[in-house]
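Please read this briefing alongside the structure shown below.

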Amino acid sequence: MSEVTPGPATSLGPRRDQLAENLAVVRERIRAACAEAGRETDQVALTVVTKFFPAEDVRLLADLGVRDVGENRHQEAEAKAAACADVPVSWHFIGGLQSNKAAAVAGYADLVESVDRPKLVSGLQRGADRRGRMLDVLLQVSLDTAGDGPGGRSGCPPDQLAALAERVAAAPALRLRGLMAVAPLGEEPDAAFGRLAEIREVFRARHPEAAMLSAGMSNDLEAAIRHGATHVRVGRSVLGERPQIK
Ligand SMILES: *Cc1c(COP(=O)(O)O)cnc(C)c1O
């Protein structure tokens, strides 16, 4: 686990300006992509992915109007959420998750976007139930065409999605809100997100209330918006390149 330390207080002014500038660029990209797709700008929400960046950045982002932040590693997310308990943001857990950590994630996450197997459903249900809270979840769909790719990228195979959705629907402390996906490396994002749109259509026939579609990152948010994304997850284009540690 890398230690992410904030810079001195004197650096917060320039950092705020930089984040504000980057946010304006990303918001304009979202606006333009929506306009091109004939969608209203308010149909696409921005989740800023703050992994590897300090809690101070979350504060600055909240101050700049960001309401949703994403994290992909449990320990880092848990510590940052605790350090930002007074900051009005929703915490999205977007990363690969070990089943034995699922119950703990349910303690601070507002939305878990990366539910891709039944074992996570039981862990999240247990963790949410224990704290007497309802937890929103998205099912992460694998868009890999060649099975479980070399990197073993996560996601539920499309043919197992219906069964996984039933598991979530049957978990009383979980609320099924929709789908999430990452475009496979090396594939045209439009092709991958086109498949995602078809998968989503089938899924929504059975779960019409689960309308969220989290897709698109710094490099491919326009393609995701063309194919119906309601939430884009943007890290580097807002915060800058992540440090190459870990
Ligand atoms: C890191 C991450 C992102 C953000 O990616 P950027 O390229 O930095 O915009 C989005 N989604 C997931 C699942 C991630 O892990």
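A polar contact here is a pair of N or O atoms within 3.5 Å; within protein, one atom must be able to donate a hydrogen and the other to accept it, and residues adjacent in sequence count only if both atoms are side-chain atoms. In this sense, a polar side-chain atom of Arg236 lies 2.8 Å from an oxygen atom of the ligand. Taken alone, the ligand exposes 390 Å², of which the protein buries 91%, with accessible areas coming from the Shrake-Rupley method with a 1.4 Å probe and, for residues, only the protein chains shown counting as cover.

The model is predicted, so that local features need pLDDT of at least 70 and side-chain atom pairs count only at pLDDT 80 or more, while totals for chains, interfaces and linings use all residues. Residues are numbered from 1 along each chain as its sequence is written, and side-chain values use heavy atoms, with hydrogens and water left out.

**Ligand site**

- The ligand is surrounded by Val49, Lys51, Ile94, Met217, Ser218, Arg233, Val234, Gly235, Arg236 and Arg242, where a residue is near a molecule if one of its heavy atoms lies within 4 Å of it.
- By class, this shell has 4 nonpolar, 2 polar and 4 charged residues, with Ala, Val, Leu, Ile, Met, Phe, Trp, Tyr, Cys and Pro counted as nonpolar, Asp, Glu, Lys and Arg as charged, and the others, Gly among them, as polar.
- An N or O atom in the side chain of Ser218 is 2.5 Å from an oxygen atom of the ligand, whereas Gly235 places a backbone N or O atom 2.8 Å from a ligand oxygen atom.

**Strands and the crossover**

- Helices (H or I, at least four residues) and strands (E, at least two) are DSSP runs numbered from the N terminus, and two strands pair if DSSP finds at least two bridges between them.
- Strand β1 (residues 45-49) is mostly covered, with 4 of its 5 residues buried, that is, under 20% relative accessible area, as against exposed at over 50% and partly exposed in between (1.4 Å probe, protein chains only).
- β1 pairs in the parallel sense with strand β8 (residues 231-234) over 4 bridges; the bridge partner of Leu46 in β8 is Val232, and that of Thr47 is Arg233.
- His231 and Arg233 point one way from β8 while Val232 and Val234 point the other way, and all are buried.
- β1 also pairs in the parallel sense with strand β2 (residues 68-71), over 2 bridges, and Val49 stands opposite Gly70 in β2.
- β1, helix α2 (residues 55-63) and β2 make a right-handed β-α-β unit, right-handed meaning that, with the strands pointing away from the viewer, the path from the first strand over the helix to the second runs clockwise.
- The buried residues of α2 are Ala55, Asp57, Val58, Leu60, Leu61 and Ala62.

- Phe52, in the loop between β1 and α2, has a positive phi of about 75° although it is not a glycine.
- Most residues other than glycine have a negative phi.
- At 14% relative accessibility Phe52 counts as buried, and the backbone nitrogen of Phe52 lies 2.5 Å from a polar atom of the side chain of Glu76.
- Glu76 lies in helix α3 (residues 74-83) and, at 7% relative accessibility, counts as buried.
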